[in-house]
Amino acid sequence: REPRAVPELAGWARRFVARGWRPGFRAVTYVMHAFMDARDVRPAWEALQRGEVSDDPRIRETQERLQACSYAMAHPDDGVLVPACAQHSVLDPLENEALAALLPLVSHSAS
């Protein structure tokens, strides 16, 4: 219905393809991370290590998230791959104490 739009659309398509299909083109993946509460991670991780599934829905959800985690890291003591949330909240108690001293949480209560 608008013949004048054809050249404009063709130019837009040419620029789009030229930008997107250069040599070295790489796909980009974006990930959103939702942190878990360390109070839930410890019992969830410990139960998983024993082969148990929790009856508590909150802990079971945390277990499922730990099992689905794609961000694993090797534990420094034995090299076993563990979910990063378990590593940081359960397996690194001394590092967590040092971080708590270095970066104390400040409570902002109303006066």
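Student: Which exposed residues does the face of α3 turned away from its buried side carry?

Tutor: P57 and A68. Keep in mind that this is a predicted model.

Student: Which residues of α3 are the buried ones?

Tutor: I59, T62, Q63 and L66. Buried means under 20% relative accessible area.

Student: What puts these residues on the same side of α3?

Tutor: Look at the arc around the axis. They cover only 105°, which puts them on the same side of α3. An α-helix has 3.6 residues a turn, so residues three or four places apart point the same way.

Student: What do the buried residues of α3 pack against?

Tutor: Three elements: α2 (38-49), β2 (81-83) and α4 (84-91). The cut-off for contact is heavy atoms within 4.5 Å.

Student: What reaches the backbone nitrogen of R58 at the start of α3?

Tutor: A side-chain oxygen of D56, to within 2.9 Å.

Student: Now R39, in helix α2. Why is R39 called exposed?

Tutor: Exposed means over 50% relative accessible area. R39 has 67% relative accessibility, so R39 counts as exposed.

Student: What makes the pair R39 and D37 a polar contact?

Tutor: The cut-off is 3.5 Å between N or O atoms. The side chains of R39 and D37 make their polar contact at 2.7 Å, so the pair meets that limit.

Student: How far is R39 from V90?

Tutor: In sequence, 51 residues; in space, 9.3 Å, C-alpha to C-alpha.

Note on methods
Residues numbered from 1 in each chain as written. Predicted model: local features only at pLDDT ≥ 70, side-chain atom pairs only at ≥ 80, totals over all residues. Heavy atoms only, no water. Buried < 20%, exposed > 50% of the residue type's maximum accessible area, 1.4 Å probe, protein only. Helix = DSSP H or I, 4+ residues; strand = E, 2+ residues; numbered from the N terminus. Arc of directions from axis to C-beta. Polar contact = N/O pair within 3.5 Å; in protein donor to acceptor, adjacent residues only side chain to side chain.
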